[in-house]
Amino acid sequence: MRRLITVLTIIALNLIVGGCSEQESKEDIPGWIDRDRLQNVASEPGSWLTGGRDFGETHFSPLTKINDKNANQLGFAWQYFTDTHRGLEATPIFVDGVLYFTGNWGIVFAVDGKTGEEIWTFDPEVPGKWARNACCDIVSRGVAVWQGRVYAASLDGRLFALDAANGEVIWQVDTFPDRTTPYAITGAPRIAGDKVVIGNGGAEYGVRGYVTAYDLESGTQAWRFYTVPGDPRKPFEHPELEMASKTWDPDSRWDIGGGGTAWDSMVYDPELNLLYVGTGNGSPWVQTERSPGGGDNLFLSSILAINPDSGRLVWHYQTTPGDNWDYTATQPIILTELNIDGKRRKILMQAPKNGFFYVLDRVTGELLSAEKYAAVTWASHVDMATGKPQILPQAIYDEEPKFILPSPAGAHNWQPMAYNPNTGLVYVPAMNDPALFEKRENFTFIKGINNQGAHFTEGTITSEIGEFDAADAGGFIVAWDPVKAAPVWKRKLGDFIFHGGILTTAGNLVIQARDDGLLVVYAADTGQVLHQIQTGSSIVAAPLAYIIDGQQYIAVLAGYGGGPFGYFPVGSAVEKYGNEGRLIAFKLGGGDVPLPEELPPLDPIPEPPALTASQEMLDMGEALFVKACGECHWNINGGYPDLRRMSVEVHHAFKDIVLHGQREVQGMAGFSDILSEEQVEAIHSHLIRLSHDAYREQQQEK
Ligand code: CA
């Protein structure tokens with residue numbers, strides 16, 4: 001008996017010791033981040049453990065080695081080439097010496113943070129045709145790293161758990177209901193409790209938004225939360241949809257899907273065990289087409305607080321009821337605590353497209369403030385009692401076109417904002433972009449291409465915009481005081497609207513790169529420019545800060561793209577140097593960034609083939625071009641082929657390329673499932689007409 005007890009004791013001791021040694025070895029496992037480590041992130045200021053560094057995704061680094069006194073010595077450390085030429089939007093995660101991030105299509109990279117050497121890459125091998133479902137470039141906004149695994153989603157909707165040591169696939173799941181509905185994923189997965197959660201995009205293409213949670217260990221689906229109801233004549237997938245459906249016309253265009261896609265922001269709060277999800281715009285944009293009887297159309301343009309264990313909704317707040325303007329609430333959410341009216345509150349902050357900066361109590365969803373951080377003409381204010389905006393007549397464009405601010409690009413898009421607890425300010429990469437909204441007559445839905453139901457022209461300013469000063473148009477940084485609900489400083493960034501996301505640090509710095517290739521360092525308290533570095537790349541991503549061996553680095557993904565990816569803005573770095581994707585790291589005492597070779601001048605426009613099509617054919621071609629092609633092919637000097645410059649060979653192969661996907665490998669998908677031969681011919685005719693106009697202009701200039 002005693003002997004047995006001794007044996008049992010030894011076994012028990014072994015189990016305990018085994019447990020300990022397993023505990024110790026976990027620290028040696030690459031990419032080992034767990035809840036304890038993340039909640040104690042303050043004890044490792046040199047790490048960057050989520051897309052926004054910490055649980056609250058503040059995009060704040062406590063590092064001070066690079067600061068407002070020495071920022072002028074910041075220079076080049078190393079660069080890593082991603083071998084791509086499209087938009088790069090991720091903020092890398094940095095843990096135990098390694099940077100993990102995604103590039104185009106959802107390709108995953110693990111790179112040595114000290115040298116920039118590649119450790120591994122993982123290519124999900126997305127078929128080129130999926131590019132068609134991405135409204136705004138084949139981008140990806142990053143990974144989640146958790147307990148030795150890297151979680152990442154590919155553009156075509158697969159979610160992967162990869163071994164952080166070598167990039168090998170541990171499991172993968174298809175997060176789409178089928179392979180024909182035009183969803184795409186560009187967002188990063190988030191870890192919420194013992195689940196990994198992912199959303200998707202595609203509102204304009206005819207989809208119904210949802211987020212799905214999977215078991216971290218096995219990849220088994222735990223729950224799916226639809227962000228908009230389906231046809232109320234069919235059973236509701238979960239109880240919240242019955243309530244939501246009462247805010248829609250029963251005869252809504254259920255066939256279009258409704259939109260509401262959660263394509264970017266999700267943040268998990270471990271203390272409250274709540275997952276916050278930002279949802280997207282209505283589909284189509286015009287509410288009278290979507291839900292003719294009106295209504296709030298829940299849960300469009302909303303912030304949802306979901307219990308990740310059950311998948312049940314705890315509270316919701318809608319920023320733009322009955323959205324008409326593509327005013328998504330998918331913009332980055334930051335969690336922190338603030339003293340408001342003498343009371344410590346756990347709060348959530350968001351600067352969605354609609355131009356109001358929201359502070360909510362994240363325990364209850366109570367609205368604490370909503371003030372304009374940019375020019376806004378669609379609503380006068382947000383009523384603090386009801387939480388609803390007062391929509392102005394100027395914003396209703398059903399009867400006649402109207403100039404409205406913000407534009408569908410938003411007063412802020414996906415680019416991360418950053419919260420600095422030392423200054424108490426939130427730095428928002430904002431924009432003032434007036435747009436003429438015009439309802440499309442005889443709206444016809446075509447699944448799989450752009451179905452806005454409206455048309456908008458950017459940047460045209462008339463007296464109709466009321467008090468808006470044309471000089472304020474363009475991109476800017478606003479430093480926002482979330483306690484006073486007011487701006488503290490602003491910095492204009494030029495006429496172009498799209499610039500990079502923002503990093504702020506305890507060194508009293510705000511760092512942002514932009515379209516002209518400059519990485520600009522500001523004093524966080526005053527907005528004074530401290531230093532500028534020419535990178536030779538137009539940049540839209542946000543930088544991060546980290547430390548290895550006592551050396552602090554700033555790094556940023558450089559690759560122009562996202563929303564306006566179809567053209568190169570005048571005066572931008574991409575116009576001069578092209579668009580070679582890179583991760584660039586900076587350190588104190590580094591030299592100049594090696595600039596890419598300048599692009600050669602464009603070849604002259606070749607003489608186009610004869611224009612023989614009827615006026616009717618040309619009109620049809622123009623309308624179809626806008627719907628199906630125009631998001632990529634802006635036909636100005638750009639990263640995408642200017643189709644007014646097609647060679648004789650391309651004109652001959654036009655049908656094979658556009659209909660049959662002859663150039664699918666290069667990312668030009670075939671449209672045979674959407675367009676008929678006659679429609680493609682009409683598009684071709686429209687392009688021949690445009691080519692003639694451009695050719696004539698060129699010859700006259702000669
Ligand atoms: Ca949209």
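Are Glu 204 and Asn 281 buried or exposed? Both residues are buried, where buried denotes under 20% relative accessible area, exposed over 50%, and partly exposed the range in between (1.4 Å probe, protein chains only). The model is predicted, with local features requiring pLDDT of at least 70, side-chain atom pairs counting only at pLDDT 80 or more, and totals for chains, interfaces and linings using all residues. Residues are numbered from 1 along each chain as its sequence is written, and side-chain values use heavy atoms, with hydrogens and water left out.

Because Glu 204 lies in helix H3 (residues 203–206) and Asn 281 in the loop between strand S16 (274–278) and helix H5 (287–290), the pair ties together parts that are 77 residues apart in sequence. Helices (H or I, at least four residues) and strands (E, at least two) are DSSP runs, numbered from the N terminus.

The structure holds 36 salt bridges, each defined as a side-chain nitrogen of Lys or Arg within 4 Å of a carboxyl oxygen of Asp or Glu. One of them joins Arg 345 to Glu 366, with an N to O distance of 2.7 Å. Arg 345 is in strand S20 (residues 343–350) and Glu 366 in the loop between strand S21 (356–361) and strand S22 (367–372), so this pair ties together parts 21 residues apart in sequence. Arg 345 is buried at 11% relative accessibility, whereas Glu 366 is partly exposed at 40%. Arg 514, buried with a relative accessible area of 12%, forms a salt bridge with Asp 516, the closest N and O atoms being 3.0 Å apart. Arg 233 is exposed at 59%, and its side chain meets that of Asp 231 in a salt bridge (3.2 Å, N to O). Asp 156, Arg 158, Asp 174 and Arg 179 are linked in a salt-bridge network.
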